[in-house]
Amino acid sequence: MGRRLAPEINAGSMADIAFLLLVFFIVTAEMSKEEGILQILPEKVIDNGPTEPVKERNAIRIFMNENNDILFEDQVGLKMSAIPKLLKEQILNRSGNPEMPENRLVTRGELQVIIDKNKARLEKADETKVKSITKQLKKSQLRLKALEIFGSDFKKSNHVISITPDKGVKYGSYIKLKDMIAQSYRELRSELAKEKLGRTWKDLTLEEKRMLEMVYKKNVSESPIEKN
Amino acid sequence: MSKFNKNKKKKDGPGITTASLPDIVFMLLFFFMVTTKTRTNDLSISISLPSATETGILDDKTPTAYVNIGVPVKALQDLYGDNPRIQLNDAILDASDVVGFIENKRASIEKSFEMAQPGVGKAKASKMIVCLKVDQNAQLGTLDEVREELKTAKALKINYVVNKAN
């Protein structure tokens, strides 16, 4: 036994310690992904100036009171789950009922006009605005593409869904109502996708989804709307 | 004994070194520490979220501000009562404090992005989404007050946080 070597530190247990720390972090941390319903609030109205009135037939009014009673247009005593069917009927208005929201076919010409306008704007635009105008141009071109695919199903509907919940309504029911409205649009879109593209909503590309969103554009208003 | 030693020598191949194992695990550890964030705000109110089917996922790059609405927890009910209240950061506050809260949040988002990449702070701050976590039994009145304040603060993008139902 000559010189004694310094005893080596056993690094094997280091891994165990690190694993413990790792497990601790995995358990306590949460991925910052959250499911939610997005809404863009309308801007605050400062001078109660004249707003564009909505025609009576175009307004789809849904009221709700604190007992979760629903008034859909003139119908009372509805269940929440009955809303999608009624809404779909109103938005499509296949029979051209004069009481229901009006819609008309979208023409190639009017879409082309918007595309040309955007192109002209893009040429004149300064650098700061190029990005937003390009975005608008792409959107208008996509609309034209949607018209080619969906043809006469691409209608411009003037409907406005107006929801007016009482102050006493529970938040849970309010979200349910919003969800039902979103579901109606989703059903409209996926039904059309099945008919024209032969695929379910899940199998669509992002572009196809965006086109369908253009065909059935969501239009919900939460502030009481003016009628004439 | 000598026999035993001989046997061992024969079998000994080049053993796999485990010295780098801790390094690998530490790398994983750092990855998790960086990509996730721990919930720092303790809620003094109880919130049971409603569920919905038609939801979207917020991408984690979007800056967010949280506004919570719910009934104070049992221990705090003597202090705050048992009506739904608003919690911003750690404190239970009133609807009138929302504007200040949003402005502070915007400033801090702007500052933190400005540090990483000068010139993008303002744009990032304007993309801020206000996440509303509201108890499903709370009445709409409180939410409505908050929304009005958000309009005043020009924070118009809001997201109702819900549980995903199938």
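Predicted model: local features only at pLDDT ≥ 70, side-chain atom pairs only at ≥ 80, totals over all residues.
Me: Start with H1 of chain A. Is helix H1(A), residues 12–28, buried or in the open?
Reply: Largely in the open, because the number of buried residues among its 17 is zero.

Me: What span should that helix have, and what does the model give?
Reply: At 1.5 Å a residue, the 17 residues of H1(A) should span 24 Å. The end C-alpha atoms are 26 Å apart, which agrees.

Me: Switching to chain B. How many residues of strand S9(B) are buried?
Reply: Four of the five residues in S9(B), residues 157–161, are buried, so the strand counts as mostly covered.

Me: Which strand of chain A pairs with S9(B), and in what sense?
Reply: Strand S2(A), residues 35–40, pairs with S9(B) in the antiparallel sense, over five bridges. Within that pairing, A:Gln39 stands opposite B:Ile158.

Me: And which strand of chain B is joined to S9(B)?
Reply: S8(B), residues 129–134, runs parallel to S9(B), with three bridges between them. B:Val130 has B:Ile158 as its bridge partner there.

Me: What unit do S8(B) and S9(B) make with helix H6(B)?
Reply: A right-handed β-α-β unit, with H6(B) covering residues 140–152.

Me: Back to chain A. How do the axes of H4(A) and H6(A) cross?
Reply: The axes of H4(A), residues 127–150, and H6(A), residues 206–215, come within 9 Å and cross at roughly 85°. That makes H4(A) roughly perpendicular to H6(A).

Me: Which residues meet there?
Reply: From H4(A), they are A:Leu142, A:Arg143, A:Lys145, A:Ala146, A:Ile149 and A:Phe150. From H6(A), they are A:Arg210, A:Met211, A:Met214 and A:Val215.

Conventions:
Residues numbered from 1 in each chain as written. Chains lettered and ligands numbered in written order. Helix = DSSP H or I, 4+ residues; strand = E, 2+ residues; numbered from the N terminus. Expected span 1.5 Å × (residues − 1). Buried ≥ 20, exposed ≤ 12 C-beta atoms within 10 Å, placed from the backbone. Pairing = 2+ DSSP bridges. Right-handed = clockwise from strand over helix to strand, strands pointing away. Axes fitted to C-alpha atoms, helices over the stretch in contact; angles between N-to-C directions. Parallel < 35°, antiparallel > 145°, perpendicular 65-115°, else oblique. Contact = placed C-beta atoms within 7 Å.
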